[in-house]
Amino acid sequence: MTDRLITDLEKLMTTASETAIHAAITATGIADGYVTRPSALGTLFVAYNSRGVSAVDLADSAEDFEQRFSHIHGRSTLPVERLPVQIDRHLDSAIETGKPGRLPLDFSDLTEFQAAVLRKTAEIPGGQVRPYGWVAREIGKPGAVRAVGSALARNPVPVVVPCHRVVRSDGHLGNYSLGDPDNKRILLEAEGLDMTEYESLSERGIRFTGSDTTDIFCHPTCHHARRTSVEHTVEFRSEQQARRAGFRPCKVCRPAEVAA
Amino acid sequence: MMGITMTTPDMSILARDLAGDLDGSFAAYVRATADGIYSGSLRMLGDRTDAEDVMQETYARAYNALSGYSQERISTLQVRGWTWTIAANLCRNRLRSRSRKPTAPLGDFDVAASGRSTDEEALSEVGEALRAALLDLPFPQRAAVVMRHVLDLTYEEMAIALDRPVGTVKADVHRGLARLRRDYPEETAR
């Protein structure tokens with residue numbers, strides 16, 4: 001005679017969902033979790049761990065993303081359903097605005113220099129650009145322009161840390177690490193930067209613009225430069241030219257060393 | 001993808017692998033034991049989200065603990081029983097903190113919770129009644145019955161998991177089963 005109670009109890013065995021298993025594994029830190037988010041560039045893969053967001057990437061498939069992640073980070077990443085609260089609360093606005101805000105980021109794999117470059121880059125407002133040399137000077141390493149370029153080329157969290165807003169000093173957009181090189185232009189245009197106007201300045205060798213009512217010069221995409229009306233705008237090819245004309249650098253976009 | 005429905009994972013090989021390479025074998029250990037930890041927590045707590053939380057925290061604590069153990073200690077672990085010492089404590093604590101909240105009486109909480117558990121829908125009315133009867137048992141008996149007859153743990157593993165002598169654990173299983181036979185309406189089963 002079989003015991004009904006015992007056989008019914010045995011039927012109460014069930015299975016843990018794959019995403020719950022992933023959440024359990026990622027909670028230990030041996031693998032990162034990831035989710036996907038739509039963006040202007042396509043589907044973004046966003047990985048995280050207990051320290052914060054560790055990767056933002058574009059990929060054709062989950063498999064591509066997982067392979068690239070483990071190649072770069074030396075650990076695996078697994079799809080999850082639920083994000084930790086602190087990331088869930090800030091991720092979408094960080095992607096939308098291109099500004100990390102209160103989104104925690106994991107820079108633990110980076111050198112102090114790389115992290116400083118990314119933190120400075122995160123300060124550039126949407127729709128504006130700054131040269132690589134500006135980032136170098138701002139973090140106190142004015143000679144490290146090329147190193148800034150390579151740090152940004154390895155930015156683990158593009159879009160959220162807006163490396164697309166850092167350009168060559170001659171005004172050319174320069175390289176971009178996230179997918180198609182044209183993505184840099186797409187992101188900047190989506191943020192409201194008038195690329196036709198911007199490129200006409202760089203083609204004419206104009207690196208700074210000033211206002212003849214304030215005698216202040218700016219990066220051309222600075223909020224203050226763009227408020228200046230056309231008839232009051234003065235164009236400069238170099239810092240020296242602006243200084244000689246009696247202009248001082250803007251304290252907001254800091255196109256040159258600002259006297260304290 | 002590794003199988004997640006391994007029914008008889010070899011726990012001594014798992015212990016040996018964990019001792020040799022904790023980070024490299026931890027995911028395999030989770031996959032081999034997660035169904036049991038999840039099912040057991042679900043039957044002890046009656047709520048899917050709570051069971052997933054307990055499962056997640058169990059492995060986070062297991063990983064931290066194992067990181068501090070010597071290789072020798074890990075290789076001689078009774079893996080399932082040891083993992084359940086963590087999970088059983090978490091289940092017990094969760095029930096305690098629930099009963100301290102006057103706004104969420106245990107009974108209502110469980111009924112509402114089991115109703116929204118999508119993976120439960122396939123279960124028959126038999127399962128429904130039995131799950132409710134289990135949740136009415138005092139925790140030590142509930143844990144003992146679930147471990148022995150749902151999860152198929154040995155009495156030795158249960159003694160480790162519940163930190164009680166084998167005799168006490170056996171007595172809890174017997175008492176729990178006796179109460180279920182009285183409360184669980186078998187005649188409505190078919």
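In the predicted model, A:Arg185 is partly exposed, with a relative accessibility of 26%. The side chain of A:Arg185 meets that of A:Asp182 in a salt bridge, with 3.3 Å between N and O. A:Asp182 is likewise classed as partly exposed, at 39% relative accessibility. Both values fall between the limits of 20% and 50%, so neither residue counts as buried or as exposed.

A second salt bridge, in chain B, joins the side chains of B:Asp17 and B:Arg16, with an N to O distance of 3.7 Å. B:Asp17 has a relative accessibility of 33% and is therefore partly exposed. B:Arg16, at 53%, is exposed, because the limit for that class is over 50%. In chain A, salt bridges with shared partners link A:Asp32, A:Arg51, A:Arg75, A:Asp106 and A:Asp109 into one network.

Over all chains, the search of the whole structure gives 33 salt bridges. One pair crosses between chains: B:Asp53 lies in helix H3 of chain B (residues 48-68), and A:Arg82 lies in the loop between E4 and helix H4 (85-97) of chain A. In this salt bridge the closest N and O atoms of B:Asp53 and A:Arg82 are 3.5 Å apart. B:Asp53 has a relative accessible area of 25%, so the residue is partly exposed.

Between chain A and chain B there are 3 salt bridges in total. The interface also holds 7 residue pairs in polar contact, counted with both residues at pLDDT 80 or more. On the side of chain A that touches chain B, helix H1 (4-10) and helix H2 of chain A each supply at least two residues. H2(A) gives the most to this side, with 9 residues.

In terms of contacts, 25 residues of chain A meet 41 residues of chain B. The area buried between the two chains is about 2,900 Å², and carbon and sulfur atoms give 67% of that area. Within the area that chain A buries against chain B, A:Arg4, A:Leu5 and A:Leu12 supply 23%, more than any other three residues.

Chain A contains an open sheet of 4 strands in the order E3-E2-E1-E4, and the pairing is mixed. Strands E3 (52-58) and E4 (76-79) of chain A stand at the edges; each has a single partner strand, so one side of each is left without a neighbour in the sheet. From one strand to the next, the twist averages 35°. Strands of a sheet pair through backbone hydrogen bonds, in either a parallel or an antiparallel sense. Strand E1 of chain A (residues 31-37) pairs with E4(A) in the parallel sense, over 4 bridges. A:Tyr34 stands opposite A:Pro79, which belongs to E4(A).

E7(A) runs antiparallel to strand E9 of chain A (residues 233-236), to which 4 bridges join it. The bridge partner of A:Gly210 in E9(A) is A:Val234. E7(A) also pairs with strand E8 of chain A (residues 216-218), in the antiparallel sense and over 3 bridges. Here the bridge partner of A:Gly210 is A:Phe217 in E8(A). The strands E7(A) and E8(A) form a hairpin with 4 residues between them. In the turn, A:Asp215 has a positive phi of about 55°.

In chain B, B:Glu157 is part of helix H9, which covers residues 155-162. B:Glu157 has a relative accessible area of 7% and is therefore buried, since buried means under 20%. A polar atom of the side chain of B:Glu157 lies 2.9 Å from the backbone nitrogen of B:Thr154. With residues up to four places away in sequence left out, B:Glu157 touches B:Gln78, B:Arg80 and B:Gly81.

Key. Residues numbered from 1 in each chain as written. Chains lettered and ligands numbered in written order. Predicted model: local features only at pLDDT ≥ 70, side-chain atom pairs only at ≥ 80, totals over all residues. Heavy atoms only, no water. Buried < 20%, exposed > 50% of the residue type's maximum accessible area, 1.4 Å probe, protein only. Polar contact = N/O pair within 3.5 Å; in protein donor to acceptor, adjacent residues only side chain to side chain. Contact = heavy atoms within 4.5 Å. Pairing = 2+ DSSP bridges. Axes fitted to C-alpha atoms, helices over the stretch in contact; angles between N-to-C directions. Buried area = accessible area lost by both parts, 1.4 Å probe. Salt bridge = Lys/Arg side-chain N within 4 Å of Asp/Glu carboxyl O.
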